[in-house]
Amino acid sequence: MRRLAHSTRVTGGWGDHLFRLLIRAAALILLVIVLGLVIVMIRAAFPSIRAFGWSFLFTSRWDPVAEKFGALPLIYGTIVSSVLALLIAVPLGIGAAVYLSEVAPPWISPPISFLIELLAAVPSVVYGLWGIFILAPWLRTQVQPALGATLGFLPLFQGPPYGVGMLAAGLILAIMVVPFIIAVSREVLLAVPNAQREAALALGATRWETTRLAVLRYARSGLMGAVLLGLGRSLGETMAVTMVIGNRPEISASLFAPGYTMASMIANEFAEATSDLYLSALIEVGLLLFVVTVIVNALARLLVWSVGGAVKAVRE
Amino acid sequence: MRSNVPASLILSVALLGLAGLVLTVGFAPGPVSAQMLMNGTGATFPYPIYSKWFDEYIKVDPSVRFNYQSIGSGGGIRQIMERTVDFGASDGPMTDEQLTKAPGELFHIPTVLGAVVPTYNLPGDPKLRFTSDLLAEIFLGKITKWNDPRIVAVNPGVALPDRPIIVVHRSDGSGTTYIWTDYLAKVSKEWEQRVGRGTSVNWPVGLGGKGNEGVAGQVKSTPGAIGYVELAYATKNNLPAAAIRNQAGKFVEPSIQSTTAAAAGAAKNMPSDFRVSLTNPPGEDAYPIASFTWLLVYKDQPHQVKGQALVKFLWWAIHDGQKYTSNLLYAPLPSQVVSQIEAKVKQITYQGKPLLAAR
């Protein structure tokens, strides 16, 4: 018996050792790739960083002919379109997920889940074409005139209705992001133990109270993860946004006005950028997108962490 | 415990196998083939005619196979400068600075012609005429209404609505934009100083649409919009296209014939390196917003056999290849220019010796 255990440990030790080495290498490769990416981008962006310094972040002129580059409208457009998308997609996505997991009769869930997965698999260029030919004309003829007439006193809804612009970009991003938020949120909500619900119901809570207090609060950090996934997707989305945002590097308070995002700028201009400084400026935009993504994700994680802390405090 | 051993071993072996696979794929030599592979990259605009040529040319010379990646003119210029491809392709000529930086002397070989047309969306689809000043003022944002007296003056009899003009331009860097802005810069001092010419520029006004289809889509769905697209794209999709007054003072409809006429008009003063802008050319019938598209090849070829195959292809393209242009809505080279290019192709050498036998 002892011998057997011994021999097992020897083989196990050898196999485990090899296995540990290999998975460590797998994890390290990821680190090397990310580091390599950052180093290459910084090196390639260096001519632009040297030429423009901090003004790259705070000026608005993007002029490839004169080789003067400022990325502020791109940063603004990326963040505003993503925030707009989340403002629409989060209530919609989490609402739908709550319906599917808490309220819907069991037979309705599978077909809807199937449709959601289908939506998530639609290529973004298809969303973009739909955006140009259906969404933008509808916004221009129906939605924007109505918004202008009722809420036109807000600077958000002023200016001529072009159809394409920040509003169209936010909407199309919201539509693209919703399936992800629903799919992940639904899984998270289904993972909430039934004991939670039963306990709340036993205390006399209504269905709404049960959902709010026992289910949503329990699933908070998981739901936050779903939102983060959506945020990541909308920050980096390129094709569909490019097709409907109007591609004008300008900052405007109005959601009707055209804008520009960092990912769109790279996709639009990289192929035909011939001069070294121009190319370098575009790579700096890529670097900036990376930095913005890291910052936004870190902020969101901080939020999750602080919310998680609060929940813990309440429980204690 | 015991059952864990095989599991971890299996996983290890699987991971090692995967690593092995990656390494083999990474270092395996490419498939050996008797066919010679000619690599090229560059412009997207001539891609349809180039791929047609490459298909047809296999019948002429079965020993060459072409691999063309249409990644854009910028990429074409970069890759030929780095000698990672056998030929490049570009819709805009290389700059002097780029030519001096290149490791060898590069030739621009014109292959076909393209034209850019203004298209618009007005009720009743009227046939419009523009002068160069009007186009420049509209795209500078100085003429903002369709019923502006200056537009009305050149379009007598057309009912122009009291609508704002919405300018639509390409958002992606493109040869089409280069030709359009090159024309505007030639005809308007203010455009040249404020905006200039390039594959992407800092537009004074307007919305950006991605690709010809993005511009056309936005124009189609926005009453009062005006944009610019390639002639081939406008013809295929039956978009309204305006006639433009050329240097000779005649209003000329964009067409394949009037595009070829633009190159014929420029033939007299053709520079020997063909780096010429054909916009606003002389000539009664010349459509003024036209351009060559070029293949970029080294004057001195690094390989004898490959170089020979390349010059034979170039010769074929500017002669027999031209007959495929009309189906694909490109304008063929005028005969005066073909003979000028012939002389250029004959100058391509391998170690100083001409590759093309005297014809």
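Me: Strand E8 of chain B, residues 225–230: buried or exposed?
Reply: Mostly covered. In this predicted model, six of the six residues of E8(B) are buried.

Me: Which way does E8(B) pair with strand E4, antiparallel or parallel, and over how many bridges?
Reply: Antiparallel, over five bridges, with E4 covering residues 106–120 of chain B. Within E8(B), B:Tyr228 has B:Pro118 opposite.

Me: And what about strand E6 of chain B and E8(B)?
Reply: E6(B), residues 166–170, runs parallel to E8(B) and is joined to E8(B) by two bridges. B:Ala225 in E8(B) stands opposite B:Ile166.

Me: What holds paired strands together in general?
Reply: Backbone hydrogen bonds, in either a parallel or an antiparallel arrangement.

Me: There's also an open sheet in chain B. What is its strand order?
Reply: The order is E5-E9-E10, three strands with mixed pairing. Strands E5 (129–130) and E10 (251–252) are at the edges with a single partner strand each, so one side of each has no neighbour in the sheet.

Me: How do E5(B) and E9(B) run, parallel or antiparallel?
Reply: Parallel, joined by two bridges, with E9 at residues 243–245. B:Ile244 in E9(B) has B:Phe130 opposite.

Me: Changing topic. What is the pLDDT of chain B on average?
Reply: The average is 87, and 90% of the residues score at least 70. Residues 1–5 of chain B stay under 50, although the model has eight contacts for them beyond four places in sequence.

Me: What should I do with low-pLDDT coordinates?
Reply: They should not be read in detail.

Me: What ipTM and pTM does the predictor give the complex?
Reply: An ipTM of 0.81 and a pTM of 0.83.

Me: What domains is chain B divided into?
Reply: Domain 1 is 36–114 + 290–354, and domain 2 is 115–255. Their C-alpha centres lie 31 Å apart. The contact between them takes 14 residues from domain 1 and twelve residues from domain 2.

Me: Which elements of domain 1 supply at least two residues each there?
Reply: H3 and E11 of chain B. E11(B) has the largest share, three residues. By class, the domain 1 side divides into six nonpolar, seven polar and one charged.

Me: Over to chain A. How many helices and strands are there?
Reply: Twelve helices and two strands. From the N terminus the elements run α-α-β-β-α-α-α-α-α-α-α-α-α-α.

Me: What does the C-alpha trace of chain A span?
Reply: About 80 × 55 × 40 Å along its principal axes. Of the 316 residues in chain A, 37% are buried. Among contacts in chain A with a separation of 6 or more, 78% are between residues 24 or more positions apart.

Me: How many residues are in helix H9 of chain A, and what is its reach?
Reply: H9(A), residues 220–236, has 17 residues and reaches 25 Å from first C-alpha to last, close to the 24 Å expected. Its buried residues include A:Leu223, A:Val227, A:Leu231 and A:Arg233.

Me: What is phi of A:Asn247?
Reply: Near 50 degrees, a positive value in a residue other than glycine. A:Asn247 is in the loop between helix H10 (239–244) and helix H11 (262–269) of chain A.

Me: Why is A:Asn247 called buried?
Reply: Because 29 other C-beta atoms lie within 10 Å of A:Asn247, and the cut-off for buried is 20 or more.

Me: And what is phi of B:Phe274?
Reply: Near 65 degrees, also positive in a residue other than glycine. B:Phe274 is in the loop between helix H11 (256–266) and strand E11 (290–298) of chain B. With 17 other C-beta atoms within 10 Å, B:Phe274 is partly exposed.

Key. Residues numbered from 1 in each chain as written. Chains lettered and ligands numbered in written order. Predicted model: local features only at pLDDT ≥ 70, side-chain atom pairs only at ≥ 80, totals over all residues. pLDDT = per-residue confidence, 0-100. Contact = placed C-beta atoms within 7 Å. Buried ≥ 20, exposed ≤ 12 C-beta atoms within 10 Å, placed from the backbone. Helix = DSSP H or I, 4+ residues; strand = E, 2+ residues; numbered from the N terminus. Pairing = 2+ DSSP bridges. Expected span 1.5 Å × (residues − 1). Domains from an automatic or database assignment. Nonpolar A, V, L, I, M, F, W, Y, C, P; charged D, E, K, R; others polar.
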